[in-house]
Amino acid sequence: MARFTIQDLAATIDARAAASGENSYTRKLLDKGAAQCAKKMGEEAVETVIAAVTGDRNAIIAESADLLYHLLVTLKASNVTLVEVEDALGQRTGMSGLDEKASRKRL
């Protein structure tokens, strides 16, 4: 079996976004809008943190999978592509993490 990648997940989300809400959880989430998708992503982030704090390896894996899915749905709802995020990450690789963080504009 071929390895399933984050790009595969993004493609699956794109395909399911074209389905009807009666048949697709992804479509139902997208129909609720970006704010609701982000709220669900936040819930999954908290569950991932709790799994990590408790040291439950299986829960970390499962919750991380949920978090990645909901992150990509939130990106889709916000009209942001995975490629754009990858490009932003790529731009950061030329310097140390500390230097990159210090170079960001403060809000």
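Mentor: Let us start with one pair of side chains, keeping in mind that this is a predicted model: Asp31 forms a salt bridge with Arg27, and their closest N and O atoms are 2.9 Å apart.

Trainee: What makes the contact of Asp31 with Arg27 a salt bridge?

Mentor: The label asks for a side-chain nitrogen of Lys or Arg within 4 Å of a carboxyl oxygen of Asp or Glu, and the closest N and O atoms of this pair are 2.9 Å apart, so the pair meets the definition. Asp31 and Arg27 are 4 residues apart in helix H2 (residues 25–31), and therefore they are separated by about one helical turn.

Trainee: Why is Asp31 called exposed?

Mentor: The word is kept for a relative accessible area over 50%, and Asp31 has 54% relative accessibility, so it counts as exposed.

Trainee: How many salt bridges does the structure hold, and which residues are linked in a network?

Mentor: The structure holds 4 salt bridges, and Lys40, Glu43 and Glu44 are linked in a network of them. Glu43 meets Lys40 at 3.6 Å, N to O, while the closest N and O atoms of Glu44 and Lys40 are 3.3 Å apart. In helix H3, Glu43 lies 3 residues from Lys40, about one turn of the helix, and Glu44 is 4 residues from Lys40, also a separation of about one helical turn.

Trainee: How do you know whether Glu44 is buried or exposed?

Mentor: Buried means under 20% relative accessible area, and Glu44 has 4% relative accessibility, so Glu44 counts as buried. Glu43, at 36%, counts as partly exposed, and Lys40 is likewise partly exposed, with a relative accessible area of 23%.

Trainee: Why are H3 and H4 called roughly antiparallel?

Mentor: The axes of helix H3 (residues 34–54) and helix H4 (residues 57–77) come within 8 Å and cross at roughly 160 degrees. Angles over 145 degrees count as roughly antiparallel, and therefore H3 and H4 are described as roughly antiparallel to each other. The crossing in which H3 passes H4 is left-handed.

Trainee: Which residues in H3 meet residues in H4?

Mentor: Among them are Lys40, Met41 and Glu44 in H3, and Glu63, Leu67 and His70 in H4. The residues of this contact of H3 with H4 divide into 13 nonpolar, 4 polar and 5 charged. Lys40 and Glu44, which belong to this contact, are also part of the network of salt bridges with Glu43.

Note on methods: Residues numbered from 1 in each chain as written. Predicted model: local features only at pLDDT ≥ 70, side-chain atom pairs only at ≥ 80, totals over all residues. Heavy atoms only, no water. Axes fitted to C-alpha atoms, helices over the stretch in contact; angles between N-to-C directions. Helix = DSSP H or I, 4+ residues; strand = E, 2+ residues; numbered from the N terminus. Parallel < 35°, antiparallel > 145°, perpendicular 65-115°, else oblique. Left-handed = near helix turned anticlockwise from the far one by under 90°. Contact = heavy atoms within 4.5 Å. Nonpolar A, V, L, I, M, F, W, Y, C, P; charged D, E, K, R; others polar. Buried < 20%, exposed > 50% of the residue type's maximum accessible area, 1.4 Å probe, protein only.
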